[in-house]
2 protein chains.
Amino acid sequence: MSLLTVGTMAYDALETPFGKTDRILGGAATYIALSASYHVPNSNVVSVVGADFEQNHLDLLTSKGVNLKGVQIIEDGKTFFWSGKYHDDMNTRDTVDTQLNVLADFNPVVPEEFKDCRYLMLGNLLPSVQQQVLDQLPNRPKLVVLDTMNFWMDNCWDDLVEALKGVDVLTINDEEARQMSGEYSLVKGAKKIMKMGPKYLIIKKGEHGALLFHEDQIFSAPALPLEEVFDPTGAGDTFAGGFIGYIAKTDDISFENMKRAVIWGSAMASFTVEKFGTERIANLTTEEINARLEEFKNLIRVDIQLM
Amino acid sequence: MSLLTVGTMAYDALETPFGKTDRILGGAATYIALSASYHVPNSNVVSVVGADFEQNHLDLLTSKGVNLKGVQIIEDGKTFFWSGKYHDDMNTRDTVDTQLNVLADFNPVVPEEFKDCRYLMLGNLLPSVQQQVLDQLPNRPKLVVLDTMNFWMDNCWDDLVEALKGVDVLTINDEEARQMSGEYSLVKGAKKIMKMGPKYLIIKKGEHGALLFHEDQIFSAPALPLEEVFDPTGAGDTFAGGFIGYIAKTDDISFENMKRAVIWGSAMASFTVEKFGTERIANLTTEEINARLEEFKNLIRVDIQLM
């Protein structure tokens with residue numbers, strides 16, 4: 001079923017305790033589209049890049065069935081660039097450099113042929129840009145998922161609140177859920193956030209997994225305990241891509257199916273962190289993915305006995 | 001099956017964002033024995049208290065089938081006292097006051113009739129005292145579980161390493177696992193720790209649940225997301241009591257059964273944090289416990305689909 005992803009395409013320079021990279025492919029839309037491509041043979045992306053964006057990176061996405069007709073290439077501009085350094089715990093990081101470049105004036109234009117999308121993934125971006133995309137769609141998609149971050153809560157709160165009114169699923173991390181709701185308890189916080197628009201809330205907890213909330217229901221998904229987290233960049237976007245990709249493939253937005261989609265998202269994210277950037281998520285085999293899903297099955301399988 | 005618990009019996013004075021208490025009943029052995037009592041109708045405790053320990057607190061334990069013959073009452077001594085204040089996040093706390101009192105000279109004596117125990121739970125105590133108990137048993141129990149904390153790692157490392165050699169299951173929290181192993185990755189850390197003696201390792205992660213490790217197997221148990229954590233005191237001991245109690249009742253130390261026991265421990269701990277001290281864990285009905293276990297079932301039930 002048709003999937004439209006809106007988000008950044010970027011270059012990142014990363015440093016972790018395991019090494020550092022020069023400019024490598026990154027961006028929310030990149031990770032989302034790559035991760036979703038294992039479910040949906042064709043998907044559409046709306047984004048913006050500069051003239052420096054390499055043809056081989058466009059080719060990579062195209063080879064995965066990603067239609068880039070909605071990607072504006074600004075001939076006299078440079079691609080969004082982010083540089084970060086992770087601390088030893090891999091849970092915290094410092095931003096070394098952010099160059100918005102072409103992202104600063106991004107006016108997303110949804111091509112006509114993308115407008116009837118059934119599933120819409122709004123990757124982490126300025127909330128007003130996310131809103132602009134929603135406003136261009138003549139019919140509301142079956143499911144709208146929005147990812148955001150604390151930076152927008154600090155700087156564009158009103159726009160974010162407005163955008164949330166048109167959203168079905170919100171994905172944020174636990175710190176952000178606490179900031180957004182003003183509640184330390186994630187259960188209390190989720191209730192408040194779901195009153196702001198989203199009927200479903202996914203709280204990403206990194207190495208501690210993820211929680212899916214809907215009405216009074218809660219699903220707790222584990223993260224796969226890993227020997228080594230090599231580079232966490234893109235894990236959240238990869239999660240989102242696995243989630244929305246699975247939903248789009250199955251065309252089923254029941255709570256039971258969303259639980260499966262959360263596990264899929266978690267499994268895909270567990271690959272991303274094994275290497276720098278998109279290296280791992282760009283080249284997975286069915287066998288690798290199924291083996292990983294079996295690991296998740298083993299991790300949580302238990303036959304609970306009552307008294 | 002016979003269960004022997006060794007640990008502190010104490011008075012605590014607690015302050016949380018929700019209120020404060022005067023001296024209330026506490027101590028690792030207290031929480032463990034109360035939690036285990038829902039599985040084992042009779043269990044034995046070795047501990048020490050002062051003349052100030054109240055008869056009604058002894059009566060409470062006795063009424064739950066706990067044999068207190070191994071509890072030394074020091075007539076000219078005072079019971080171990082701990083006072084703490086929790087921060088708003090409930091995950092961190094300051095110790096306001098610690099009075100070791102009778103605990104300072106505790107020489108545990110295992111009564112003859114307790115010595116053939118099949119299950120031994122060594123609650124958090126000076127490692128040399130835990131060792132003294134192990135040394136008094138003529139036959140090795142079927143399963144020995146030891147709980148410890150960072151304080152003993154800092155101050156009695158060699159004794160702790162020695163005690164661990166005689167232990168089957170070690171329970172510690174994630175920070176302690178990182179300290180003990182020198183590894184940030186819990187998977188790598190668990191492998192190192194299991195080489196020190198314990199064949200099983202349980203890493204308690206508070207609101208993020210618990211991980212059970214054995215050889216190359218990992219089980220991830222969630223914590224129940226709660227509206228309010230009222231007082232975390234005793235949650236780890238309650239977990240241990242639910243775990244060892246379930247194992248003792250079923251007399252089954254397979255990995256599959258330990259997984260069930262971890263869920264039981266988590267369920268019992270989720271009650272303890274709902275009120276101050278032992279108030280909640282001392283008075284549970286079968287209906288309440290079964291309803292809580294059903295919540296855990298719903299929380300993790302998912303039908304994972306492969307590609």
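Setting aside neighbours within four places in sequence, Ile244(B) is in contact with Leu3(B), Ala36(B), Tyr119(B), Met121(B) and Val145(B); contact means that the C-beta atoms, placed from the backbone, lie within 7 Å. This is a predicted model, in which local features need pLDDT of at least 70, side-chain atom pairs count only at pLDDT 80 or more, and totals for chains, interfaces and linings use all residues. Residues are numbered from 1 along each chain as its sequence is written, while chains are lettered from A and ligands numbered from 1 in the order in which they are written.

Buried means 20 or more other C-beta atoms within 10 Å of a residue's own, exposed means 12 or fewer, and partly exposed lies in between, with C-beta atoms placed from the backbone.

Now to the strands of chain A. From strand E9 (residues 119-122), Tyr119(A) and Met121(A) point one way and Leu120(A) and Leu122(A) the other, and all are buried. Helices (H or I, at least four residues) and strands (E, at least two) are DSSP runs, numbered from the N terminus.

| Partner of E9(A) | Sense | Bridges | Opposite residues |
|---|---|---|---|
| E1(A), residues 3-6 | parallel | four | Val6(A) and Leu122(A) |
| E10(A), residues 143-147 | parallel | four | Met121(A) and Val145(A) |

Next comes helix H10(A), residues 286-300. Its 15 residues reach 22 Å from first C-alpha to last, close to the 21 Å expected at 1.5 Å a residue; the expected span is 1.5 Å times one less than the number of residues. Phe296(A), Leu299(A) and Ile300(A) are buried in H10(A). They lie on the same side of H10(A) because they cover an arc of only 80° around the axis, taken from the directions from the helix axis to the C-beta atoms. On the other side, Thr286(A), Glu287(A), Ala291(A) and Asn298(A) are exposed. The buried residues pack against helix H9 (255-272) of chain A, together with strand E14 (217-221) and helix H10 (286-300) of chain B.

Finally, the contact between the chains takes 35 residues from chain B and 35 residues from chain A. On the side of chain B that touches chain A, H10(B) gives the most, with eight residues.

Key
Two residues are in contact if their C-beta atoms, placed from the backbone, lie within 7 Å. Two strands pair if DSSP finds at least two bridges between them.
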